[in-house]
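I opened this entry to record what I looked up in the structure. My notes follow the order in which I checked things.

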Amino acid sequence: MKYVIVIADGMADEPLDEINGETPVVHANTPNMDFIAREGYTGLTKNVPDGMTPGSDVANTSIMGFDPSMLKGRGPLEAPSVGVELNDNDVAFRLNFINVKDGAINDFTADHITTEEADELIKALNEHFGDIGQFYTGVSYRNLFVISDIAMEDLKSTPPHDVVGQQTINNNLKPENEKSKLINKLMEDSVEVLENHPVNKKRVEEGKLPANMIWLWGQGAKPVIGNFPEKYGLKGATITGVDLLKGISTYIDLDVIEVPGATAYFDTNYQNKVDYALESLKTHDVQFIHIEAPDEAGHEGNLPEKIRAIENIDSIILEKLLKELPNIDEDYTIALLPDHPTPINIKTHTMSPVPFAIYSTSIKTPDDTQIFSEDMSQGKYDTIIGHTLLNEMIKISKE
């Protein structure tokens, strides 16, 4: 039996007037999503426990089969994917390159700065602030900062995508104390280094937004989550363009399959993702396929791109999976779900449970759901806890 979990990051949404009161997933052309829902079992899953922030770290750890309550921040989850092995006295921050204007966050991605440009800026930050901590290049605007011998994981930080247009640049970490002042000042001082850097001067000349400040958030120490093969007795792998998901996978001993063209944005190579997934399934029992594009569209409030991303997942990834999986193993189980909602009108994550659908060659009598949507009231399940999803898939496969 092969197990495939397709994570359409941020796909869940709310009804929108622009599309006649439908949600993007209902409005989109999704015959393969609807097939999985119609011929399988459906319901809602609560991937974010009460009291936790609805971040991708929490939600995806749940989907990967582990209780996210043991997480210690998003930053340390991204460390393995950039080749950083944290010591016990290290605290890792997610570092966004952002664009600020009039004292507020104007763009939390710095106009999707390239990785090559980010690397040059990271070098400059290490030259100026290397005595405070170390900066590491990630992918595009997503990077890492590590500081040692100072406990900061107890501070509260704000994700920049939650406060675009409203967050002043001098009050991120709270409460105010010597530790938070150190990091807030580092963010402020980065402006002087970045604004006049040749990379940003060139970006301005090309009509792009400069990455004129860093934003540090999601801090935490090295986590101990669990071991996937030991817990489930299965060998698993992950395909994603996002360092966070690669980091979680590394910590729980899932193999990370590197895919050419996996950009974690609208231009990600969907075809390569499904092709590499099918090849990986020849040697793995469980394959996670994560697609970031719907979430990015939600954060940007970009409805056409969100619909396009959903349709690409359906027509490229799901269509080929359903066609080719029987050639790898005649018995398979596939699940489709978002990690969390990222509604177009809100432009950030919400706590709401998300829809899921499971199709398996073992299912003889599907439930009454007819299409994949945020309404799974006709499903077999009510609301399950996120980290039990894989267990449910395994149970179904043995029916």
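I began with a side chain. His340 makes a polar contact with the side chain of Thr342 through its own side chain, at 3.3 Å. I take a polar contact as a pair of N or O atoms within 3.5 Å; within protein, one must be able to donate a hydrogen and the other to accept it, and residues adjacent in sequence count only if both atoms are side-chain atoms.

The model is predicted: local features need pLDDT of at least 70, side-chain atom pairs count only at pLDDT 80 or more, and totals for chains, interfaces and linings use all residues. Residues are numbered from 1 along each chain as its sequence is written, and side-chain values use heavy atoms, with hydrogens and water left out.

I stayed with His340. Its side chain also makes a polar contact with the side chain of Asp339, at 3.1 Å. Is His340 buried or exposed? I found it buried, with a relative accessible area of 1%. Buried means under 20%, exposed over 50% and partly exposed in between (1.4 Å probe, protein chains only). Beyond its neighbours within four places in sequence, His340 is in contact with residues including Asp9, Met11, Pro54, Asp295 and His349. Contact means heavy atoms within 4.5 Å.

Next I placed the loop. His340 lies between β11 and β12. Helices (H or I, at least four residues) and strands (E, at least two) are DSSP runs, numbered from the N terminus.

I then turned to β11 (residues 332-337). Six of its six residues are buried, so the strand is largely enclosed by the rest of the structure. I checked both faces: Tyr332, Ile334 and Leu336 cover one side, and Thr333, Ala335 and Leu337 the other.

Which strands pair with β11? Strand β1 (residues 2-8) runs parallel to β11 over six bridges. Ile7 has Leu337 as its bridge partner. Strand β12 (residues 354-360) pairs with β11 in the antiparallel sense over four bridges. There, Ala335 stands opposite Ile358. Two strands pair if DSSP finds at least two bridges between them.

Last, I looked up Ser397. I found Ser397 in helix α13 (residues 389-397). Ser397 is buried, with a relative accessible area of 11%. Its side chain makes a polar contact of 2.7 Å with the side chain of Tyr3. Leaving aside neighbours within four places in sequence, I listed Met1, Tyr3, Thr333, Ser360 and Ser362 as the contacts of Ser397.
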